[in-house]
Structure formats: C-alpha cells, structure tokens
Amino acid sequence: MYIWVVLATFLAILASYTLSPRTDYRKLAVEPVAEAQVAKLVTKHNAAFEYVKFRKHPYTSGRGDINYDTGIIPDDEITPYLPYGHYNDENFISQIFCMDEFMEVAYDSVGSADNPCADRNNKKRLITYGPIPERWLNQMSGLDRPNNDYMNAVRNTVDEGEMLGYTANGDSTITKENPSGSAVMIMDRMGSAMYYIPKAIVNDADFKNVCDLTKNKVCLVYMSGI
C-alpha cells in the first residue's frame with residue numbers, strides 16, 4: 001500500500017509540472033511553414049524584376065531600347081538572378097505584359113519589328129503567380145481565400161503597399177483604380193481590396209490556366225510596374 005501511495009504522489013508531482021499548450025503555438029510552428037511558401041514567390045518575383053531591369057535603360061545601348069519580350073520568362077533566365085542558396089520554384093510563373101493605356105489588350109512582342117514594350121504610352125507589368133496549396137485555404141468558411149496562418153505569413157513577408165496578395169472577385173466597374181474594368185482584384189496583406197489585376201492579364205490563357213477564379217483556382221500573385 002505504501003508503494004502505491006508513493007507512486008501516486010510521484011505522478012501527482014509530475015502532473016503539476018505539465019505545461020498547458022502555448023497560445024502562440026501557431027505563430028511559432030505553423031506560420032513559418034506558410035512564410036517559406038510565400039517567400040518562394042517573392043524571391044522569384046524579385047529575381048524576375050532584376051531580369052527585366054538589366055534589359056532596359058541604362059543597361060541597353062539606347063534610352064528607348066528594350067531587350068525583353070512579353071510572355072512567360074523562362075526559368076533558366078530567372079535562375080541567375082536568384083540570391084545565393086535559393087532555388088527557382090517551378091510552381092510559380094513570372095510573366096511580362098505590355099498593354100494599351102487602359103490595360104484591356106495585351107501585345108505580343110515576339111517576332112514584332114517594333115517592341116510594344118518600348119512605347120511609353122503602353123502600360124507594362126511584371127506578375128508572378130501560382131496556386132495556393134489546398135492546406136492553406138480556408139476550408140471551413142466556404143470562402144475561396146487563404147486561412148489566417150497564410151495571411152499572417154504574407155504580412156510577415158512583405159511591406160505594406162506591395163501588390164502582393166491572393167486573387168478575389170471584385171467589382172468590374174471602370175474606375176481610376178480599375179481602368180480596364182477587371183473583375184479580379186488582389187487582396188493585399190491587410191485583407192483590403194486595393195489593387196486590380198488588369199483585364200488583359202486576367203484574360204491571358206496562361207494566367208487563366210492557373211488562376212481562373214470561375215473554376216475556384218485561387219492564386220497568390222505579386223505584381224509590379226516595369
């Protein structure tokens with residue numbers, strides 16, 4: 001009997017030292033995994049931006065010379081611009097668009113005598129995009145959007161004001177912020193609808209193949225003017 005009393009006392013002492021689960025467990029263990037996935041897109045986009053930078057003035061022979069084409073940038077062209085130790089994630093696509101001033105029409109510069117990207121009146125965008133893994137989507141609400149862990153990861157990865165976020169349906173009314181009347185917007189790091197993806201990009205076959213919201217294909221996108 002004495003042995004059982006001692007054993008029970010010992011177990012009670014051990015139980016008293018059992019710690020409750022940390023309230024910041026998700027921030028410490030889950031969000032960093034999401035941050036790593038977001039960082040792959042950001043790193044690729046920044047490398048693609050460097051690719052573009054070194055193919056226009058002042059790195060070209062003349063002020064109006066443009067040495068890049070519209071379309072998807074081949075991965076082997078982006079890789080040299082990645083930071084040391086980083087690899088090119090093929091799940092994300094970096095693509096160049098040169099569009100009319102209202103961004104309704106995308107021009108094809110490949111094989112063109114006059115590169116439309118050199119026209120100052122045309123709007124130019126670099127966009128990197130890719131699907132958001134299902135594990136990071138909000139499966140409980142019925143809404144096609146990332147969960148809180150993923151959005152916290154986005155907030156921790158980029159500064160405010162960057163055109164980085166997930167695709168969502170928006171108002172297609174033509175406004176100053178949405179000159180092309182696009183129906184797809186970027187929900188940014190704060191969860192506010194501040195940027196619209198131009199209609200010329202939304203209607204692009206390559207973009208739609210990956211990020212067609214009509215087929216519930218939610219994407220993470222990073223867009224920059226070039």
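This is a predicted model: local features need pLDDT of at least 70, side-chain atom pairs count only at pLDDT 80 or more; totals for chains, interfaces and linings use all residues.
Let me start with a word we'll need: a residue is buried when its relative accessible area is under 20%, exposed when it is over 50%, and partly exposed in between, using a 1.4 Å probe and protein chains only. By that rule, Arg 55 is buried, with a relative accessible area of 17%.

Residues are numbered from 1 along each chain as its sequence is written, and side-chain values use heavy atoms, with hydrogens and water left out.

How many salt bridges does the structure hold? There are 3, where a salt bridge means a side-chain nitrogen of Lys or Arg within 4 Å of a carboxyl oxygen of Asp or Glu.

Back to Arg 55: its partner is Glu 77, with the closest N and O atoms 3.7 Å apart. This pair links distant parts of the chain, as Glu 77 sits in helix 3 and Arg 55 in the loop between helix 2 and strand 1 (71–72), 22 residues apart. Helices (H or I, at least four residues) and strands (E, at least two) are DSSP runs, numbered from the N terminus. Glu 77 is partly exposed, at 32%.

Next, Lys 44 and Asp 75 meet in a salt bridge at 2.8 Å, N to O. Lys 44 belongs to helix 2 (residues 25–53) and Asp 75 to helix 3 (residues 75–78). Is Lys 44 buried or exposed? Lys 44 is buried, at 1%, while Asp 75 is partly exposed, at 28%.

Finally, Glu 50 pairs with Lys 53 at 3.2 Å. Both lie in helix 2, about one turn apart.
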